[in-house]
Amino acid sequence: MSVVGVDNLHKQLEDIPNMIISNTGVFPETNHLEIEGKDVIEIVIEPCGMPISYRGVYYYRSGATKQEFRGTALHQFLLKKMGLNWEDIPCDGVTLDDIDDGAIEYFLDHAIGEGRMEPESRKSSKEEVLSNLGLIKDGTPTNGAVLLFGKYPQRRFVTSSFKIGRFGADDADLLSQDQIEGNLIQMTDRIMQVLSSKYLIRPIHYEGLQRKEPLEIPEDALREIIFNSIVHKLQFGTWNQMSIYDDHIRLWNEGVLPEDYTVETLMSKHTSKPRNPKMAQVFYRAGFIEAWGRGYEKIMKAFDKANLKRPEFTVEQGGVTATIYREIFMSVRGDANPSQADINRTKTELKPNQNRTKTEQKNIIIELIRENPTITRVELAEKMELHESSVQRRLEALVKEGKLRHLGPTNGGIWEVIE
């Protein structure tokens with residue numbers, strides 16, 4: 001290495017620190033050295049535990065690598081460095097009037113019913129309940145309190161709603177969609193109601209003389225998956241998104257796994273490390289999730305008990321994806337090979353379409369039209385194993401009820417479901 005030296009030493013000693021400070025905010029130490037008879041400037045910068053901004057982009061040194069931080073990654077890093085969780089930050093401009101009494105009562109009903117809170121808790125004021133949960137600071141509800149119990153959290157946190165989409169042949173073929181809003185403590189109930197009424201099926205079967213209509217996905221396990229998706233979400237990130245296809249459901253939430261955790265860690269006995277510990281504690285007290293990382297074990301056991309393929313969990317696109325297979329739906333549709341689940345259900349055969357009520361038959365017609373708007377009356381009759389005249393009567397009734405509309409010529413055209 002050869003020593004070149006600098007010109008205009010005194011000017012450089014003044015200009016270099018000013019340039020570093022103005023561009024990065026870092027205060028360097030500059031020293032004048034003389035090496036091999038030449039003027040050399042030594043620049044000393046102490047290590048910094050915070051990201052450094054340069055021309056609008058933040059950088060952080062980790063070992064020998066330089067990391068660039070933008071958006072939510074920067075926000076998350078800064079909170080972690082300050083020893084804070086986003087859920088613990090007081091929500092500016094929010095008062096106790098913005099907290100829904102009904103949501104608090106709903107939580108207390110479940111928590112007391114689970115034996116995880118004392119019955120005397122009902123006598124506590126709204127402020128006392130939030131204080132005991134660590135969700136209020138100096139009289140101001142925190143971000144976590146607003147999300148869990150707020151009257152309308154989406155007014156402040158737009159991406160706290162839950163998106164559901166029904167897709168056809170591919171991701172470009174969006175057939176219908178819903179966006180579930182409101183507080184998080186009651187959101188899973190609303191999600192399950194929409195899924196049950198609009199997106200998933202309840203095939204009827206009989207056990208002896210007893211009529212059964214279970215959801216196609218084990219209900220408790222599906223709730224647990226949704227609860228985990230909400231609790232572990234990066235709350236200042238993007239929406240939770242559930243995409244429903246014929247053969248599977250994909251549920252994605254932003255937020256990677258804890259450091260040193262993998263999907264395999266989740267599938268084995270592990271310590272629970274929730275991203276939002278206070279919100280997780282509220283869901284635990286309400287009996288919605290399990291402590292000690294037992295949630296995934298419960299999910300797998302529920303699918304095993306129903307003789308259904310286990311869900312798969314992957315880390316992708318900065319978040320966690322749960323893939324849930326729709327074996328029963330595909331079996332009912334008749335375009336899937338029978339699985340072990342079908343074999344084990346020989347004693348509880350699905351109710352034939354011709355024996356369903358008129359309302360049930362009409363609901364199936366709507367679902368078939370959602371999947372294929374160009375489906376003909378003959379094709380409907382074949383799929384439902386009904387006479388064409390019966391299908392025609394159901395179609396006419398649905399049109400009169402304002403649930404269906406036919407566009408185009410009588411022999412051809414398409415059907416449109418009126419939501």
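Predicted model: local features only at pLDDT ≥ 70, side-chain atom pairs only at ≥ 80, totals over all residues.
Leaving aside neighbours within four places in sequence, Phe283 is in contact with Leu148, Leu184, Ile185, Phe227, Ile230, Val231, Phe288 and Ile289. Apart from the core of 71 residues, in which Phe283 is one of the residues with the most contacts, lies another core, of 15 residues. Leu386, Leu395, Leu398 and Leu404 are among the members of that other core. Within the largest nonpolar core, the residues with the most contacts also include Phe107, Phe149, Ile164, Leu195 and Ile226. In soluble globular proteins, nonpolar side chains tend to be buried together.

Aromatic pairs were considered next. The count comes to 8 aromatic pairs. One of them joins Trp86 and Phe157, with 5.1 Å from centre to centre and 70 degrees between the planes. This arrangement is edge-to-face. The pair links distant parts of the chain, as 71 residues separate the two partners. Trp86 sits in the loop between α2 (71–81) and α3 (101–113), and Phe157 in the loop between α5 and β8. Trp86 and Phe157 are both buried.

Phe283 returns in another pair, with Phe227. The ring centres of Phe227 and Phe283 lie 5.8 Å apart and their planes stand at 75 degrees; an angle over 60 degrees counts as edge-to-face, so this pair is edge-to-face. Here, too, distant parts of the chain are linked. Phe227 belongs to helix α7 (residues 219–231) and Phe283 to helix α9 (residues 277–285), 56 residues apart. Phe227 and Phe283 are both buried. Together with Tyr106 and Phe288, Phe227 and Phe283 form one aromatic cluster.

A cavity search followed. Over the whole structure, 1 cavity of 30 Å³ or more was found. The largest cavity has a volume of about 50 Å³. Its lining consists of Thr159, Ser160, Ser161, Phe162, Leu184, Met187, Ile230, Lys233, Gln235 and Asn240. By class, the lining holds 4 nonpolar, 5 polar and 1 charged residues. Two of the lining residues, Leu184 and Ile230, are also contacts of Phe283.

Two loop positions on either side of α5 were then examined. Thr142 is found in the loop between β7 (140–141) and α5. Its relative accessibility is 0%, and therefore Thr142 counts as buried, the limit being under 20%. Beyond its neighbours within four places in sequence, Thr142 is in contact with Glu87, Asp88, Ile89, Pro90, Cys91, Leu135, Ile136 and Lys137.

Gly150 lies in the loop between α5 (143–149) and β8 (162–167). Gly150 is buried because its relative accessible area is 2%, which is under 20%. With neighbours within four places set aside, Gly150 is in contact with Asp98, Ile99, Asp100, Ala145 and Asn183.

Of its 419 residues, 40% count as buried. Among contacts between residues at least 6 apart in sequence, 59% join residues at least 24 apart.

Conventions. Residues numbered from 1 in each chain as written. Heavy atoms only, no water. 1 Å grid on protein atoms, 1.4 Å probe; cavity = no way out; pocket = protein on both sides within 12 Å on 5 of 7 lines; lining within 4 Å. Points joined across faces, edges and corners; volume = space filled by probe spheres on them. Nonpolar A, V, L, I, M, F, W, Y, C, P; charged D, E, K, R; others polar. Helix = DSSP H or I, 4+ residues; strand = E, 2+ residues; numbered from the N terminus. Buried < 20%, exposed > 50% of the residue type's maximum accessible area, 1.4 Å probe, protein only. Contact = heavy atoms within 4.5 Å. Core = buried A, V, L, I, M, F, W, Y, C linked by side-chain atoms within 4.5 Å. Phe/Tyr/Trp six-rings, centres within 6.5 Å; stacked < 30°, edge-to-face > 60°.
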